[in-house]
Structure formats: C-alpha cells, structure tokens
Amino acid sequence: MAEPEKTEFDDVATETATETETPEITPEEVEALKAERDELRDRFMRALADAENARKRADRDRREAEDYGGSKLARDMLPVYDNLSRALEVVTDEQREANAALLEGVELTLRELLNVFAKHGIERVAPEAGDKFDPQLHQAMFEAPVPETRAGDIIQVMAVGFMLHDRLLRPAQVGVSSTPAA
C-alpha cells in the first residue's frame, strides 16, 4: 500500500499541532469558570421564570379582557333596562287593555335585553324588602325608622343592581331601616 503524498500544508499542520499544547488550567481559573457558569445558569433560569410569568400575565389579561372588556357598554345599557322596567310598572289596567300590543312589545324588548345580559354574564342583584343590607351589593339611599324591622334591614328597593361575572357593575339602591334594637 502506498503512502499518501505529503503536501506543504501537512508540514504546517504538524508544526502547529506541536506548538499548541493544551495549557495548564489553574484551580483559580477553574473556580472562575464555575462561578461564571453558575451566574449564567442563574440568569438563564431567571429569564425562563420571567418569560413564564409574562405568559401567565398575558393569559390572565386576555381572560379579563374577554370577561370584563364590555363592562363600560354594559354599564351604559343599565338605564335602558331601568327605563323599560319603569315604563311597565306605571301602566294602569286601562292602558294595558288599550295598548296590549305595544306593552307586549316593551315586555319582549325587556326580556330580550335580560337574555343578552345573561349571555354576557350580567346578572341582576334584586334584593327584597326584609333582606339584610350588604354594603358589597347595595347602596343605602336613605335610612328611616320603620316599626317591626331591625336596623340594617332593607325596607325599600329603588333600583336593582347588576353584577358582571364576579364584579359589581351597579349596586342595588335601597332604603335601610334604622330602627334601634328593642
């Protein structure tokens, strides 16, 4: 078997290989490299944690935008509900007979508005007279001493409130008894 021909590059490669021997690494250099490695690993782990936190925050923000993004529009629609409800409350029996078709249309419109509210997570907060006042859900419009009630009982409901999922859009406006305990 014939030996391969030598070229001028082989001599240079041989000389370079003999000149570049692996230098001795001191223990201080090893410790410095380990410290640098640990610092880079720490920075890498922090960057991963920051990226995960940013992903979670973006996901939470997206969910909140989906759930509560329409709260301004919903709040602006509440007077529509109030006006339709008041219109139906003041109708007399005579007017009901004379304008049955018109009133049916108003009732259907109110029902459709409530269906749209329900579809988007808007629920009524409708306390009854005798319920306990809850400052998280109700707004006291007045206090009055009413016989046969306890202090803090709702005595009148002026306007129902509304919740959007778990947030209060508008508190129910109520009158509260101030009758002292006997």
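Y81, F117 and F162 form one aromatic cluster. The structure is a predicted model, in which local features require pLDDT of at least 70 and side-chain atom pairs count only at pLDDT 80 or more, while totals for chains, interfaces and linings use all residues. Residues are numbered from 1 along each chain as its sequence is written, and side-chain values use heavy atoms, with hydrogens and water left out.

A search of the whole structure finds two aromatic pairs. Rings of Phe, Tyr and Trp (its six-membered ring) are taken as paired if their centres lie within 6.5 Å; planes under 30 degrees apart count as stacked, over 60 as edge-to-face and the rest as tilted. The ring centres of Y81 and F162 are 5.2 Å apart and the planes stand at 85 degrees, so this pair is edge-to-face. The pair links distant parts of the chain, with Y81 in helix 3 (residues 71-89) and F162 in strand 4 (residues 161-164), 81 residues apart. Helices (H or I, at least four residues) and strands (E, at least two) are DSSP runs, numbered from the N terminus. F117 and F162 also form an edge-to-face pair, at 5.6 Å centre to centre and with 75 degrees between the planes. Because F117 lies in helix 5 (residues 100-119) and F162 in strand 4, this pair ties together parts that are 45 residues apart in sequence. Y81 and F162 are buried, and F117 and F162 are both buried; buried means under 20% relative accessible area, exposed over 50%, and partly exposed in between (1.4 Å probe, protein chains only). Elsewhere, the charged end of R167 sits over the ring of Y68, 3.8 Å from its centre; this description applies if NZ of Lys or CZ of Arg is within 6 Å of the ring centre and within 35 degrees of the ring normal.

The largest nonpolar core has 17 residues, and those with the most contacts inside it are Y81, F117, I122, F162 and L169. Such a core is a set of buried Ala, Val, Leu, Ile, Met, Phe, Trp, Tyr and Cys residues joined through side-chain atoms within 4.5 Å. Helix 3, helix 5 and strand 4 are the elements that give two or more residues to this core. Leaving aside neighbours within four places in sequence, F117 is in contact (heavy atoms within 4.5 Å) with M77, L78, Y81, I122 and F162. A second, separate core of six residues includes V125, I154, A172 and V176.

Helix 5 has 20 residues and reaches 28 Å from its first C-alpha to its last, close to the 28 Å expected at 1.5 Å a residue; the expected span is 1.5 Å times one less than the number of residues. Its buried residues are L103, V106, L110, L113 and F117. Seen down the axis of helix 5, these fall within an arc of 80 degrees, so they line one face of the helix; the arc is that of the directions from the helix axis to the C-beta atoms. The buried residues of helix 5 pack against helix 3, helix 4 (93-98), strand 1 (122-125) and strand 4. The face turned away from the buried side carries the exposed residues A101, A118 and K119. Just after helix 5, G121 takes a positive phi of about 85 degrees.

Positive phi values also occur in residues other than glycine. E148, in the loop between strand 2 (138-144) and strand 3 (154-159), has phi near 65 degrees and is exposed, with a relative accessible area of 86%. H165, in the loop between strand 4 and strand 5 (167-170), has a phi of about 55 degrees and is partly exposed, with a relative accessible area of 38%.

In the loop between strand 1 and strand 2 lies A129, which is exposed at a relative accessible area of 56%. A129 and Q156 are 27 residues apart in sequence and 5.7 Å apart in space, C-alpha to C-alpha. Not counting residues up to four places away in sequence, A129 touches I154 and I155.

The protein chain as a whole has five helices and six strands, which follow the pattern α-α-α-α-α-β-β-β-β-β-β along the sequence. Of its 182 residues, 20% count as buried. Among contacts in the protein chain with a separation of 6 or more, 62% are between residues 24 or more positions apart.
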